[in-house]
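These are my notebook entries on a structure that was new to me. I set down what I looked up, in the order in which I looked.

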Amino acid sequence: VMVVSLSLFMKLVIEKKYSISGGMPSIHSVIAFSIWTAISVFTFNEFPVISMLVFILAFWVAQSRVLRGIHKPAEVIIGGIIGIFLTTLFFQLLWRW
């Protein structure tokens, strides 16, 4: 919820309008790579294959947004980076408390 909220806020600030279709950043990529990061935190040491499979799914989500012409490659790459960053930040803050 936090990642989606911050991503929508960033999209609103960057584009100055409320549109969830296209534009910077790709919310679908943010969510997909956020899920991959969260799953990797819990499964990578014992089951790295699960992390790899979820990464492939996240990559396919980002790729499909580009192939459909909804986003440019830079928008999904930045969306993926934001998703990874925000989820990592969330877990870092959670573990400090």
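This is a predicted model: local features need pLDDT of at least 70, side-chain atom pairs count only at pLDDT 80 or more; totals for chains, interfaces and linings use all residues.

Entry 1, the surface. I looked up the accessible surface of the protein chain and found about 6500 Å², of which 75% belongs to carbon and sulfur atoms. Such areas come from the Shrake-Rupley method with a 1.4 Å probe, and for residues only the protein chains shown count as cover.

Residues are numbered from 1 along each chain as its sequence is written, and side-chain values use heavy atoms, with hydrogens and water left out.

I found 4 helices and 0 strands, running α-α-α-α from the N terminus on. Helices (H or I, at least four residues) and strands (E, at least two) are DSSP runs, numbered from the N terminus. Of the 97 residues, 33% are buried; buried means under 20% relative accessible area, exposed over 50%, and partly exposed in between (1.4 Å probe, protein chains only). I then looked up contacts, meaning heavy atoms within 4.5 Å. Among those with a separation of 6 or more, 61% join residues 24 or more positions apart.

I found 17 residues in α2 and a reach of 24 Å from its first C-alpha to its last, close to the 24 Å expected at 1.5 Å a residue. The expected span is 1.5 Å times one less than the number of residues. Among the buried residues of α2 I listed Ile27, Val30, Phe33 and Thr37.

I read a packing angle of about 175° between α2 and α3, with their axes 9 Å apart. That makes α2 roughly antiparallel to α3, a term for angles over 145 degrees. The axes are lines fitted to C-alpha atoms, for helices over the stretch in contact, and angles run from 0 to 180 degrees between N-to-C directions. The residues of α2 that meet α3 include His28, Trp36 and Ile39, and those on the α3 side include Pro48, Val54 and Arg65.

I located Ser51 in helix α3 and found it buried, with a relative accessible area of 4%. Not counting residues up to four places away in sequence, Ser51 touches Trp36, Ser40, Thr43 and Phe44.

Which residues make up the largest nonpolar core? I found Ala32, Phe33, Ala58, Ala62 and Val76, 5 residues in all. α2 (27–43) and α3 (48–67) each supply at least two residues of this core. A nonpolar core is a set of buried Ala, Val, Leu, Ile, Met, Phe, Trp, Tyr and Cys residues joined through side-chain atoms within 4.5 Å. Leaving aside neighbours within four places in sequence, Ala62 is in contact with Ser29, Phe33 and Val76.

The buried residues of α4 include Val76, Gly80 and Ile82.

I placed Pro25 in the loop between α1 (2–15) and α2. Pro25 is buried, with a relative accessible area of 0%. Pro25 and Ile77 are 52 residues apart in sequence and 8.5 Å apart in space, C-alpha to C-alpha.

Conventions:
Angles under 35 degrees count as roughly parallel, over 145 as roughly antiparallel, 65 to 115 as roughly perpendicular and the rest as oblique.
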